[in-house]
Amino acid sequence: MPNMNYANVPYVDKPVSRILAGTAGRELAKPETAAPILDGALAQGINTIDTARKYAGTEHSIGCWLEKRGNRAQVVLLSKCAHPGIFGRKRVNERAIRADFRKSAQQLRTDYIDIYLLHRDDPEVPAGEVVELFNAMHAEGKIGAFGASNWTHQRIQEANEYACSHNLIPFTVSSPNFGLAEQIGDPWGGGCVTISGPENEGARQWYRQQDMPVIAYSSLGRGDVLREDEEQSDGRGKSVSGRRRTQGILLSPELRAAAPL
């Protein structure tokens with residue numbers, strides 16, 4: 001048996017592996033190259049797959065794999081919706097969210113998604129509107145747990161206070177950047193949110209107090225802590241990766257020295 005730890009996430013009826021299979025990579029965009037990667041992940045006990053409508057081709061690859069292996073009941077699917085459109089057009093609205101769900105479900109070859117997250121925020125949209133919509137989709141059997149990626153903890157608190165006051169299901173999952181390296185700026189656009197670094201201790205404390213699962217992205221700095229890389233000073237005694245692949249990743253000299261290469 002694989003030596004994997006699992007967690008229970010409210011409104012997900014399967015255990016969720018504490019390591020997720022991320023799919024934001026070119027190798028996952030084609031079914032023939034994705035299948036052995038997904039097979040290998042599942043063999044190691046990684047039963048939870050993190051994807052998004054924005055990840056070109058990956059939902060199709062995952063859907064082909066699920067259909068061919070016949071293992072949908074074993075797998076926890078996490079997908080994300082409402083990523084900004086062309087020229088940064090905001091898409092946090094019912095029409096866009098439901099359209100993204102329909103496309104994702106079709107590509108994933110399923111009628112429900114275990115964990116469904118907003119990919120970005122639009123602070124001009126009242127959090128309560130999103131709570132109402134996700135509760136409706138949950139009642140329709142389309143989604144299990146729901147929450148957000150790249151929302152600040154203050155916005156999540158706003159959403160959950162609305163849910164509490166209206167006797168609705170709250171956000172139960174969040175996916176910010178959190179890892180050994182600090183994310184700087186807005187490397188992927190649309191309002192990336194991190195809880196790494198000393199300045200975000202307040203956010204981490206909030207998550208501890210709420211006992212909310214954090215599905216961290218780029219927890220290893222997109223691999224930067226595991227390999228040598230081009231460096232350039234950021235003027236603060238730290239180094240910034242020079243590669244496009246690891247844009248927006250900042251490591252302290254201490255962490256860089258300690259990282260296995």
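Which residues does His153 touch, not counting residues up to four places away in sequence? The answer is Ala203, Trp206 and Tyr207. The structure is a predicted model.

**His153 and its helix**

- His153 is located in helix α5, which comprises residues 153–165.
- His153 counts as buried because its relative accessibility is 17%, and the cut-off for buried is under 20%.

**Packing of α4 and α5**

- Two packed helices are described by the angle between their axes and the distance between the axes.
- For α5 and helix α4 (residues 127–139), the angle is about 60° and the axes are 8 Å apart.
- The two helices, α4 and α5, are therefore oblique to each other.
- The crossing of α4 and α5 is right-handed.
- On the α4 side, the contact is made by Ala127, Gly128, Val131 and Glu132; on the α5 side, Arg155, Glu158, Ala159, Tyr162 and Ala163 take part.
- Sorted by class, this contact of α4 with α5 consists of five nonpolar, one polar and three charged residues.

**Nonpolar cores**

- In soluble globular proteins, nonpolar side chains tend to be buried together.
- The largest nonpolar core in this model contains 45 residues.
- Within that core, the residues with the most contacts are Ile97, Tyr116, Leu118, Phe134, Trp151 and Phe171.
- Helix α4 gives the most to this core, contributing six residues.
- Trp151 has contacts that include Leu118 and Phe171, as well as Ala127, Val130, Ile156, Ala159, Val193 and Tyr207, not counting residues up to four places away in sequence.
- Arg120 and Asp121 are also among the residues that Trp151 touches.
- Another core, of ten residues, lies apart from the largest one; Ile115, Leu117, Val173 and Ile215 are among its members.

**Residues with positive phi**

- Most residues other than glycine have a negative phi.
- Tyr11, a residue other than glycine, has a positive phi near 75°.
- Tyr11 belongs to the loop between β1 (6–7) and β2 (16–17).
- With a relative accessibility of 44%, Tyr11 counts as partly exposed.
- Ser218 likewise is not a glycine and has a positive phi, of about 55°.
- The loop between α6 (201–210) and β10 (231–233) holds Ser218.
- Ser218 is buried, as its relative accessible area is 16%.

How values were computed
Residues numbered from 1 in each chain as written. Predicted model: local features only at pLDDT ≥ 70, side-chain atom pairs only at ≥ 80, totals over all residues. Heavy atoms only, no water. Helix = DSSP H or I, 4+ residues; strand = E, 2+ residues; numbered from the N terminus. Buried < 20%, exposed > 50% of the residue type's maximum accessible area, 1.4 Å probe, protein only. Contact = heavy atoms within 4.5 Å. Axes fitted to C-alpha atoms, helices over the stretch in contact; angles between N-to-C directions. Parallel < 35°, antiparallel > 145°, perpendicular 65-115°, else oblique. Left-handed = near helix turned anticlockwise from the far one by under 90°. Nonpolar A, V, L, I, M, F, W, Y, C, P; charged D, E, K, R; others polar. Core = buried A, V, L, I, M, F, W, Y, C linked by side-chain atoms within 4.5 Å.
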